[in-house]
Amino acid sequence: MSATEQRGMLDLLGGFVGQLREAGLPVSLTENLDAMEAVRHIPIEDREAFKYALAASLIKNQAHWRTFETIFEVYFSLRGPEYALDRDGEATEGDLDELWREMQDASQSGDGRGGAGSLDALTPEEIAHLLMQSLMQGDQALMRALARQAVQRFAGMEPGRPVGGTYYLYRTLRNLDLDGMLDKMMEAAAQQSVAPSTTLEQRLEREEFEHRIAEFKAEVEAEIRRRLVADRGAEAMAKTLRKPLPEDVEFMHASRDEMQSLRKALQPLTRKLAARLARKRKHQRRGPLDFRSTVRHSLSYGGVPAEPKFKFPRPAKPELMVVADISGSVAAFARFTLMLVYAISGQFSKVRSFVFIDGIDEVTDYFKSTEDITEAIHRVNTEADVVWVDGHSDYGHAFEVFWERYGKDVGPKTTVLLLGDARNNYHASQAWVVKEMAGVARHVYWLNPEPRSYWNTGDSIVGEYGRHTDGVYECRNLRQLESFVEKLA
Amino acid sequence: MAGSVGLMASEQVQRFESVQMVRDGLRDLDYLADDGIAGVAYLADRLGKPVLVEGPAGTGKTQLAKSIAELTGARLVRLQCYEGLDESKALFEWNYKKQLLRIQADRGSDSWTELHDDIFSDEFLLTRPLLEAITADDPVVLLIDEVDRVEVETEALLLEILSDYQVSIPELGTIEAKQIPLVFLTSNNTRELSEALKRRCLYLHVDYPSMEREREIVLAKVPDITENLADQIARVVRSIRSMDLKKAPSVSETLDWARTLMLLNIETIDEEIAKETLHILLKYQTDIAKAAKELSVDE
């Protein structure tokens, strides 16, 4: 590598690390230096190896991998030979044609579409047909070519148009109808096989197809990204495509994909949290002085109490009552909090949970009867009796009923968690319930999934309730939720 | 030993020529590495840095260190971590009994200073894995297994050896490495490791293998298995992993399952067989029930 080349490489890497840092990934100076050392040993042309080399030195947490990968793809998308785009941003036609011809030679299908010289000449129906075939055979090269073709044809991308990548993705996929594709593929596979397949075989086949369709989607996404980068430049793109880390995703606005990554992030998190809490409990060594033991041990020093002995500490585990609003807007937040609380329920002496919309119901038993938290949550959502009049949040009524029915169980050992955005639809607040509760319980906390700036705007009356509690906490994402729970136990 | 001078990193013999060589070498030893694994192993050699391998249990993290040791013809020095591990178990310890004997053996003859220098010398030093790894004359691979089990405070023990390949002993001075060993740390991710430790390491996440790789692992590790059966096994395992289970089947459990099916002389897997042998793949009763239900009911 020549000196100028090396300079260029270092500049490139410096910019990349800057992007990573801006996305919230902690990259230290030593790690940056390691990466610079690493790229001297791995050629940039070997893209996969290059990516892993950078990841190994820059990323030290698996949860950050996806963010890293996205930024990598954007930042280095124009710098690998196989992803070259020519000047007007179109995929090089020569490659496609060649690929297409190869494909025809290989398949020798001769079912009428042999005459078409290039993918460009195909009708949308033929494209769909071709796509289905390539998906069924798992033909990677053709899938990639088709992804390019589909984006070129359906996405309707125009230079300089200020729309995000998701819009183009949506347009492309709508034209391809991938959901219908799966059923068609299953049908076709069933026709082709000689013997009727068992349910197990069907399941496996369906999964294989789903896997390939997902691959194809990823390919389309990557293609759109490449074109956008060509249009707008890597730096600008990295900013718009940046995805928040799982622990920073907001509960209230998470997409379906983000929900899944959240759910995945939750499990290791609870494990870590439980281990940390157990350790914390154990490490608080010193209990009160154990007088008997001290005197007994003083005998070996001739009656001088030289070595004070302490009682083994038995910190009381808090008793927890979770009262959660599960109406549409905050349902996801309630779900995650319940999952987290039950995953570490060993840290509490007792956990009881209640859910409400405008009526309230106890759901503790759902969690007791099964070990599977997800199933319990599902039952909470489907079976709990939470609607009283119209199914719009009514905190006042819910609290009133809670106090009437379960108020006697709240005692000086109980910590009560109230979850919700306190958007009361202008019903009566009945804040006196919270006040009385706070008088009896050890602590009352309110967790609000809304950003602090939205509190007490519109029909939100969190201030009215919050006044009587020991604290109102903003819990917009997993990170905030985690730090609150750690404080609690 | 005191004051022995270690080789500089630049003089270090390079063990691997290319990433491809690592991959092929590991393949010959029946360890199927993907791009990431081979690349990171190669880098670790070139940069002289330890590798932190993280991932779910049973995905071949420890095996990676063993295979690399075998590939480079090095001896494997292993430190198994556990809660309560301390300096005297990980680094070195003075052989108190021998020191005591030495003092008693020539009582009154030596002067105090001579005796003092004498009992704090190599002869009375018991080397533990970490010290052993850096003072060894033959090539070694150091494996620090399940590093997430030690307390955060104990991690600090490792820092000096990981960044500078040296150990400081108050009575003897600093012992530097005669050669820079390849170091692998494994973690099951039960807790977040400290930043200081992570910063000193290259990071490698070993996840469950892709279906194609798993099939090849089964083919490589289970003798006489047909390709058809290996393919089916990999597919069923992928299907089970996609379910929402407490503990997804690991690679070692996949291999156990494959061997069991071989013993039972099974050519093709159908639902009945899958359900009857599920307990080899899954270890929780709730998981088994759930998987059995999902496998038989098509959604």
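Visitor: Which residue stands opposite A:Met321 in E2(A)?
Guide: This is a predicted model, where local features need pLDDT of at least 70, side-chain atom pairs count only at pLDDT 80 or more, and totals for chains, interfaces and linings use all residues. Residues are numbered from 1 along each chain as its sequence is written, while chains are lettered from A and ligands numbered from 1 in the order in which they are written. Strands E1 (residues 319-325) and E2 (residues 350-356) of chain A pair in the parallel sense over 7 bridges; pairing takes at least two DSSP bridges, and strands are DSSP runs (E, at least two residues; helices are H or I, at least four), numbered from the N terminus. Opposite A:Met321 you'll find A:Arg352.

Visitor: In what order do the 6 strands of the open sheet in chain A run?
Guide: The pairing there is mixed. Strand E3 (360-362) and strand E6 (471-474) of chain A are the edges, each pairing on one side only. The order is E3-E2-E1-E4-E5-E6.

Visitor: How far apart are the end C-alpha atoms of helix H7 (residues 140-154) of chain A?
Guide: The expected span is 1.5 Å times one less than the number of residues. H7(A) has 15 residues, so it should span 21 Å. The model agrees: the ends are 21 Å apart.

Visitor: Which element gives the largest share of the side of chain B that touches chain A?
Guide: Here 33 residues of chain B are in contact with 33 of chain A, contact meaning C-beta atoms, placed from the backbone, within 7 Å. The largest share, 7 residues, comes from H2(B).

Methods. Contact = placed C-beta atoms within 7 Å.
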